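Please read these notes beside the sequence and the structure. They are meant for someone who has not looked at this chain before.

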Amino acid sequence: MTDTNATEGQADSSAEETPPAGNHWRKATLIGVHPQSWHSRTLVLDVPGWAGHLPGQHVDVRLTAADGYSAQRSYSLAEPATPDRVAVTVDLLPHGEVSPYLVESMELGDELDVRGPIGGWFVWEPGDPSIGDGPVLLIAGGSGVVPLVTMLRARKRAVDSTPTMLVYSLRGPRDLMYGPELEEMSADLSAPGSAEVRLVYTRKVPGGHPRPASHLTVEDIKPPSAWPEPLAARVYVCGSSGFVDHAAGLLHKAGYPDDRIRTERFGPTGVDR
């Protein structure tokens, strides 16, 4: 199992990776906003000169006040690569320093600084032969779903047919990100770009949901019966540190070898919603 300690919105200095040489701060302008849950939204930024990135990578975001004070955080990239464009999905952290501005106050035309892309291990570029012939299992806790949805979007864009399943653990219906998109993606599993999606509610279950509220279990990550050699799957896990540890324990219990598991966890200041 290989663990990167990049973050999705709750970075502190101990959780950051060093940006590759040549990465420098770029001015970014907000050009689009898409609500994702009761407490999160996707920000679409125009970033002239942005050359692209891989699904699973992240960026540093820096805010600078009029008096020169600045604060920065890391966010997973929320869309596959598009020239001159970056999108991040930001979850509001109670008492946070950066996320309240990004989720509640930033308006179209406002500017900030971005630097990246950062990270080269927790990535899945559909079609990459190094991943092998096995299926792909994505396991998310809370806002850890962001880089995994970016992988799913890249897979759909590439018309990649690798068998793929997303297991998404969240507290309740109001915490669900990308709800309509995930519903559409899993509605017809024979359609190009489709993927099985399992929602694991831990506290409050919406009406009609077949599973009672509880934490993630081995049964939740059990692969579809149609998967050939399920334990040969490449597995990506993203969430808070506690969630990643719990999911990794389940994967080991299920028999997944360490070398098929890649994890990314929130920094020490992360809040497990």
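The numbered points below take up confidence, the sheet, its hairpin and strand pairs, and the contacts of aromatic rings.

1. Confidence. This is a predicted model. The protein chain has a mean pLDDT of 88, and 88% of its residues reach 70 or more. Residues 1-16 have a pLDDT below 50, although this stretch has 68 contacts in the model beyond near neighbours in sequence. Residues 268-273 also stay under 50 in pLDDT, and the model gives them 18 contacts beyond four places in sequence.

2. The sheet. An open sheet is formed by six strands in the order β5-β4-β7-β2-β3-β6, with antiparallel pairing. β5 and β6 (85-91) are at the edges; each has a single partner strand, so one side of each has no neighbour in the sheet. On average, neighbouring strands of this sheet are turned by 35 degrees against each other, direction ignored.

3. The β4-β5 hairpin. Strand β4 (residues 58-64) pairs with β5 in the antiparallel sense over seven bridges. Threonine 64 is placed opposite serine 70 in β5. Five residues lie between the two strands of this hairpin, and glycine 68 in the turn has a positive phi of about 95 degrees.

4. Strands β2 and β3. Seven bridges join strand β2 (residues 26-37) to strand β3 (residues 40-46) in the antiparallel sense. Serine 37 stands opposite serine 40 in β3.

5. The aromatic pair. The count of aromatic pairs comes to one. The ring centres of phenylalanine 122 and tyrosine 236 are 5.4 Å apart and the planes are at 85 degrees, so the pair is edge-to-face. Distant parts of the chain are linked by this pair: phenylalanine 122 is in the loop between β7 (111-118) and β8 (136-141), and tyrosine 236 is in strand β11 (residues 234-239), 114 residues apart. Phenylalanine 122 is buried at a relative accessible area of 2%, and tyrosine 236 is buried at 0%.

6. Charges over rings. Which ring does arginine 262 sit over? The charged end of arginine 262 is over the ring of tryptophan 121, 3.5 Å from its centre. Arginine 62 lies over the face of tryptophan 25, at 4.3 Å from the ring centre.

Conventions:
Residues numbered from 1 in each chain as written. Predicted model: local features only at pLDDT ≥ 70, side-chain atom pairs only at ≥ 80, totals over all residues. Heavy atoms only, no water. Pairing = 2+ DSSP bridges. Helix = DSSP H or I, 4+ residues; strand = E, 2+ residues; numbered from the N terminus. pLDDT = per-residue confidence, 0-100. Contact = heavy atoms within 4.5 Å. Phe/Tyr/Trp six-rings, centres within 6.5 Å; stacked < 30°, edge-to-face > 60°. Buried < 20%, exposed > 50% of the residue type's maximum accessible area, 1.4 Å probe, protein only. Lys NZ or Arg CZ within 6 Å of the ring centre and 35° of its normal. Axes fitted to C-alpha atoms, helices over the stretch in contact; angles between N-to-C directions.
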